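Dear colleague,

I am handing over the structure we talked about, and I would ask you to open it and keep it in view while you read the notes below it.

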Amino acid sequence: FDNIVISGMKFEDEDGDGVQDAGEIGLSGWTVNLTKNGQPSGSTTTGENGSYSFTDLGPGTYTVKESTQEGWTQTFGMSGYSITATSADNSSDNNFGNFDNIVISGMKFEDEDGDGVQDEGEVGLSGWTVQLTKDGQPSGSTTTGQDGSYSFNDLGPGVYTVKESTQEGWTQTFGMSGYSVTATSADDSRNNNFGNFDNIT
């Protein structure tokens, strides 16, 4: 039997579409695991350009899978790859893609003069609810902190919308339409802010 090589690469899927587009680079230092006939058979680490290989493999049925990392969403090769070795028939393009999860954040402030701008001295408002949708579907909510800040963490690929839940007796003066964020790997979205005026009598 002419031993074979199983190889592939690991890339950062910047737009999270499960395809390695032009300009999406390899990721180094990720672990890829090998099993043979259902039994663990070793592991390797992706190189500088994201490539990996297992060499000098004899007859058998092999499986390769990546070791996932916290804070990333796998977008390609999620099931791994099964290769039944054939003499002299190397197996390439066993690739994996991952998206570096993002944070969407902002703050809620009291717009004392109602001009739609956070002027000096206009403080954050705590205890307000901010809603998140993903690809048009509700995806959770959070509450502004003591300083008026909020964040949604560890978000994978998708198109997100953030909107505040209005409160009776207040007029929204900033961020009325909410914010639409198309997630890009490792590109956090900040300053999705909301302003409100406490109505008078």
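What follows is a walk through some side chains and the partners they meet.

Please bear in mind throughout that this is a predicted model, and that every value below was computed from it.

Glu 66 has a relative accessibility of 9%, and because buried means under 20%, Glu 66 counts as buried. Lys 10 is buried as well, with a relative accessible area of 1%. If you look at what else surrounds Lys 10, you will find that it lies over the face of Trp 30, at 4.0 Å from the ring centre.

A second salt bridge joins Glu 164 and Lys 108, whose closest N and O atoms are 2.1 Å apart. Here Glu 164 lies in strand β13 (residues 159-164) and Lys 108 in strand β9 (residues 102-110), so the pair ties together parts that are 56 residues apart in sequence. Glu 164 is buried, with a relative accessible area of 9%, and Lys 108 is buried too, with a relative accessible area of 1%. Lys 108 also lies over the face of a ring, that of Trp 128, at 4.0 Å from the ring centre.

The remaining salt bridge brings together the side chains of Arg 190 and Asp 188, at 3.7 Å from N to O. Are these two residues buried or exposed? Arg 190 has a relative accessibility of 56% and counts as exposed because the limit for that word is over 50%, whereas Asp 188, at 28%, counts as partly exposed.

Turning to the rings, the structure holds 10 aromatic pairs. One of them is formed by Tyr 52 and Phe 54, which are edge-to-face, with 6.0 Å from centre to centre and 70 degrees between the planes. Tyr 52 is buried at a relative accessible area of 4%, and Phe 54 is buried at 8%. Another pair is that of Tyr 179 and Phe 194, whose centres are 5.5 Å apart and whose planes stand at 70 degrees, so this pair is edge-to-face. Since Tyr 179 lies in strand β15 (residues 179-182) and Phe 194 in strand β16 (residues 194-198), the pair ties together parts that are 15 residues apart in sequence. Both Tyr 179 and Phe 194 are buried. Tyr 52 and Phe 54 also belong to one aromatic cluster, together with Tyr 81 and Phe 96.

Lastly, please look at Asn 94, which sits in the loop between β7 (81-84) and β8 (96-100). Asn 94 counts as buried, at 5% relative accessibility. Which backbone atom does its side chain reach? The side chain of Asn 94 reaches the backbone oxygen of Ser 7, at 3.0 Å. Leaving aside residues up to four places away in sequence, Asn 94 touches several others, among them Ile 6, Gly 8, Met 9 and Val 64.

Methods
Residues numbered from 1 in each chain as written. Predicted model: local features only at pLDDT ≥ 70, side-chain atom pairs only at ≥ 80, totals over all residues. Heavy atoms only, no water. Helix = DSSP H or I, 4+ residues; strand = E, 2+ residues; numbered from the N terminus. Buried < 20%, exposed > 50% of the residue type's maximum accessible area, 1.4 Å probe, protein only. Polar contact = N/O pair within 3.5 Å; in protein donor to acceptor, adjacent residues only side chain to side chain. Contact = heavy atoms within 4.5 Å. Phe/Tyr/Trp six-rings, centres within 6.5 Å; stacked < 30°, edge-to-face > 60°. Lys NZ or Arg CZ within 6 Å of the ring centre and 35° of its normal. Salt bridge = Lys/Arg side-chain N within 4 Å of Asp/Glu carboxyl O.
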